[in-house]
Amino acid sequence: MKKTVLGIGLAALLSPLSAVAQPLMYDCDINNRDPRVDWVPAKLAVIFDGQGKVSVVDHIILTFFQKPMAASVVERNGKLRVRWQVKNAKDNLNQRVPNFSYTAVITKSTGAVKVSANPTNTPQNWTGRGTCNVRKDGKLPKVLR
């Protein structure tokens, strides 16, 4: 019995989407960012499909991949930590950037979001802050279609 309860508890703990059973989207505006650095998006959508999959889309993803990409998410203490990677992007000088790691932390109670962009093996780290609204209609904002 202890093993069954422990197994169920562990599965619930490890299931990052246990609190998101219905499809929904966080529509985020990142308006507190350095406008000279384009690696932090001004607009971000985090999409929960209701089946356990999460994807993200912003102008960077659309530029290099033309569609939303998979992300991972962990929920803890009322916050969602969403992570994704953009591989083989190019900067404005057409220099290849092998890997960018992104993290968005969304506070569910307030909608506050912090996004960080970190190119691998470099000291740079860019961040932005803003707010997210929950949308259940499943429609991406026009700028992200």
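This is a predicted model: local features need pLDDT of at least 70, side-chain atom pairs count only at pLDDT 80 or more; totals for chains, interfaces and linings use all residues.
The protein chain has an average pLDDT of 85, and 86% of its residues score at least 70. Residues 1-19 are another matter, with a pLDDT below 50. Beyond near neighbours in sequence, that stretch makes eleven contacts in the model.

**The overall fold**

- The protein chain contains two helices and eight strands.
- The protein chain has 145 residues, and 37% of them count as buried.
- Take the contacts between residues at least 6 apart in sequence: 42% of these join residues at least 24 apart.

**Aromatic pairs**

- The model has five aromatic pairs.
- One of them joins Y26 and F48, whose ring centres are 6.0 Å apart with planes at 70 degrees; an angle over 60 counts as edge-to-face, so this pair belongs to that type.
- Y26 sits in strand 1 (residues 24-33) and F48 in strand 2 (residues 43-48), so the pair ties together parts that lie 22 residues apart in sequence.
- Both Y26 and F48 are buried.
- W84 and Y102 make a stacked pair, with 5.3 Å from centre to centre and 5 degrees between the planes.
- This pair also links distant parts of the chain, since W84 belongs to strand 5 (residues 79-90) and Y102 to strand 6 (residues 96-107), 18 residues apart.
- Buried means under 20% relative accessible area, so W84, at 3%, is buried, and Y102, at 1%, is buried too.
- W84 and Y102 also belong to one aromatic cluster, together with W39, F100 and W126.

**A look at V105**

- V105 is another residue of strand 6.
- Its relative accessibility is 19%, so V105 counts as buried under the 20% cut-off.
- Which residues does V105 touch, leaving aside its neighbours within four places in sequence? They are K79, L80, R81, A112, V113 and K114.
- K79 is 26 residues away from V105 along the chain, yet their C-alpha atoms are separated by 6.5 Å.

**The largest pocket**

- The volume of the largest pocket is about 210 Å³.
- Its lining is made up of R36, V37, D38, W39, H59, I60, T63, F64, K90, D91 and N92.
- Sorted by class, the lining has four nonpolar, three polar and four charged residues.
- Helix 2 (residues 59-65) gives the most to this lining, with four residues.
- W39 is one of the lining residues, and W39 is also a member of the aromatic cluster.

- Most residues other than glycine have a negative phi.
- N77 has a positive phi, near 55 degrees, and is not a glycine.
- You can find N77 in the loop between strand 4 (69-76) and strand 5.
- Is N77 buried or exposed? With a relative accessible area of 73%, N77 is exposed, because the cut-off for that class is over 50%.
- N94 is not a glycine either, and its phi is positive at about 65 degrees.
- The loop between strand 5 and strand 6 holds N94.
- At 54% relative accessibility, N94 also passes the 50% cut-off and therefore counts as exposed.

Definitions and conventions
Residues are numbered from 1 along each chain as its sequence is written. Side-chain values use heavy atoms; hydrogens and water are left out. Rings of Phe, Tyr and Trp (its six-membered ring) pair if their centres lie within 6.5 Å; planes under 30 degrees apart count as stacked, over 60 as edge-to-face and the rest as tilted. Buried means under 20% relative accessible area, exposed over 50%, partly exposed in between (1.4 Å probe, protein chains only). Contact means heavy atoms within 4.5 Å. pLDDT is the predictor's confidence in each residue, from 0 to 100. On a 1 Å grid over the protein atoms alone, a cavity is a set of points where a 1.4 Å probe fits but cannot get out, and a pocket is an open set with protein on both sides within 12 Å along at least five of seven lines; lining residues have an atom within 4 Å of a point. Grid points are joined across faces, edges and corners, and a volume is the space filled by probe spheres set on the points. Ala, Val, Leu, Ile, Met, Phe, Trp, Tyr, Cys and Pro count as nonpolar, Asp, Glu, Lys and Arg as charged, and the others, Gly among them, as polar.
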